[in-house]
Amino acid sequence: MAHDSAVPAAIPFRTLGPIPGALKALIAVLVLIGVGAVVLSSGIDEPGRFWQALLFNWLFWSALALGMVMFAVALQLTNADWAWSIRRFALGGAAFLPISYVLFFIVLFGGYKHYFHHWLHADHDPVIQAKSAYLNWPGLAIRDVIAVTILYSLALAFLYFAVRPDIYGVKGRHVGLYSRWTRGFRGVTEEAARSHGILTRMGVFMAILYAFLWGMIAIDMAMSLDPHWFSTMFPVAFFWTGFHGGVAATAIAVAVLRAPLGLEDFITKRQFHDLGKLVFAFSVFWMYLNWSQYIVIWYGLLPWEQEFFVRRFGEPFAPIAASVVILVFVTPFLGLLTRPPKMVPQILAMFASLILVGHWLERFLLIAPSLWEGEKLPLGLPEIGLGLGFAGLFLASYLWYLSRVPILPSPATLAARGSAVVNVPATTAHV
């Protein structure tokens with residue numbers, strides 16, 4: 001990714017146009033399927049299945065949105081000029097975070113008695129009693145609400161400062177929104193330089209807090225469901241899955257939306273090649289992290305550590321575990337190993353989609369075996385229906401973002417980053 005990436009001086013102000021009625025209908029159908037899954041889950045004779053389905057879907061879609069933002073943060077911190085035209089595709093994940101925030105309170109306060117019943121009333125369990133300083137209610141609720149609030153607030157602030165220099169004085173359907181976002185505007189050049197400095201400083205803190213706070217969410221909302229088990233690698237693998245998913249989702253968005261947004265001149269095979277290399281490399285690193293967690297426990301032969309994997313590698317969850325490895329590692333490794341497939345948008349999007357399906361199944365595999373006590377696999381209409389409902393909400397929020405935020409940065413914003421912009425006047429904005 002060290003190749004040259006020429007940045008033109010004339011960059012159009014490009015947002016997504018009116019959303020077609022068919023796409024709106026699709027979103028409505030997805031959301032209705034999610035609502036139907038809620039009704040179906042409440043009517044089946046399997047108490048708690050709805051809550052575990054809601055939890056793992058929330059973890060997947062929220063991690064995906066936050067992972068996309070963190071990918072944009074990583075591109076900011078590394079000053080990745082090759083990605084100048086795709087950075088805001090990643091930043092669009094922030095649009096889902098307000099929805100995720102509302103749903104988080106439903107997930108946490110509505111289902112905590114089901115998720116944490118292992119340690120909420122464990123007066124005769126010395127292991128859990130020894131962890132009571134950390135595993136207690138409402139201590140868990142307080143710290144997790146604070147953690148999610150901090151992460152989501154920083155992500156939305158990052159979005160605000162990233163687009164603020166490029167929307168001042170823009171006329172059109174969203175002039176009211178642009179006016180609110182650019183109050184106290186200091187001029188294009190000054191605002192671009194100020195935003196660049198703020199984003200770089202914010203990015204450093206966001207990277208650290210993402211690892212720490214999202215890792216804490218992993219411990220509280222996933223690992224504590226099986227409170228006798230622990231792994232120091234678990235939160236690392238958890239937040240890395242979110243970041244990897246964010247890169248894969250960005251690759252899909254770029255491949256699908258490049259033509260509808262008319263960005264063929266700004267997103268070329270070079271960008272797809274680099275995205276493909278990231279998707280490939282991060283799949284390998286995902287496997288490395290999970291294998292590192294597994295191999296130490298396998299060698300240790302400690303019963304309380306092995307139980308976690310025994311439960312997931314045995315029936316009825318064994319096929320899901322195998323599918324996760326095949327979808328997230330084996331298939332992308334073999335399919336993206338050579339150079340040509342990475343540069344074909346459709347092929348890259350296909351492998352990225354398989355990775356996301358694998359991550360969704362992985363989130364299911366983290367949650368369900370810790371809570372499910374039945375003999376059959378609890379993966380059917382309730383779980384898939386809720387997932388489709390979340391997909392509808394995610395798609396709606398992402399399209400809202402694309403229809404309002406300029407997907408390409410202005411030459412002034414790129415100049416503030418030190419990018420190689422040709423012939424940029426001091427007050428140049430979009431054309």
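Start by selecting α2, α3 (87–91), α7 (139–163), α9 (188–221) and α17 (411–416): each of them supplies at least two residues of the lining of the largest cavity. Helices here are DSSP runs (H or I, at least four residues), numbered from the N terminus. A cavity is a set of points on a 1 Å grid over the protein atoms alone where a 1.4 Å probe fits but cannot get out, and lining residues have an atom within 4 Å of a point.

Before you click on, note that this is a predicted model, where local features need pLDDT of at least 70, side-chain atom pairs count only at pLDDT 80 or more, and totals for chains, interfaces and linings use all residues. Residues are numbered from 1 along each chain as its sequence is written, and side-chain values use heavy atoms, with hydrogens and water left out.

**Stop 1: the largest cavity**

Show Gln76, Arg87, Ala162, Leu199 and Thr413, which of the 18 lining residues are the closest to the centre of the largest cavity. Its volume is about 190 Å³, taken as the space filled by probe spheres set on grid points that are joined across faces, edges and corners. By class, the lining has 11 nonpolar, 4 polar and 3 charged residues. Ala, Val, Leu, Ile, Met, Phe, Trp, Tyr, Cys and Pro count as nonpolar, Asp, Glu, Lys and Arg as charged, and the others, Gly among them, as polar.

**Stop 2: the second largest cavity**

A search of the whole structure finds 2 cavities of 30 Å³ or more. About 40 Å³ of space lies inside. At least two lining residues each come from α2, α10 (234–257) and α15 (345–371).

**Stop 3: the largest pocket**

A pocket is an open set of points with protein on both sides within 12 Å along at least five of seven lines. The largest pocket holds about 720 Å³ of space. Of its 24 lining residues, zoom to Trp61, Ile252, Leu356, Ala391 and Phe394, the closest to its centre. Then highlight α16 (381–402), the source of the largest share of the lining, 9 residues. By class, 21 of the lining residues are nonpolar and 3 polar, with no charged residues.

**Stop 4: the second largest pocket**

Now go to Asn290, Phe309, Phe313, Val325 and Leu365, which of 22 lining residues are the closest to the centre of the second largest pocket. About 420 Å³ of space lies here. α11 provides the largest share of the lining, 6 residues, and the residues divide into 16 nonpolar, 3 polar and 3 charged.

While you have α11 (residues 269–300) selected, look along its 32 residues: it reaches 47 Å from first C-alpha to last, close to the 46 Å expected, a span given by 1.5 Å times one less than the number of residues. Leu301 follows α11 with a positive phi, near 55 degrees.

**Stop 5: the core**

Finish with Trp58, Phe89, Phe116, Trp214, Phe234 and Ile367, which touch the most other members of the 145-residue largest nonpolar core. Helix α2 (residues 49–77) gives the largest share of this core, 20 residues. Such a core is a set of buried Ala, Val, Leu, Ile, Met, Phe, Trp, Tyr and Cys residues joined through side-chain atoms within 4.5 Å, where buried means under 20% relative accessible area (1.4 Å probe, protein chains only).

Note on methods: Buried < 20%, exposed > 50% of the residue type's maximum accessible area, 1.4 Å probe, protein only.
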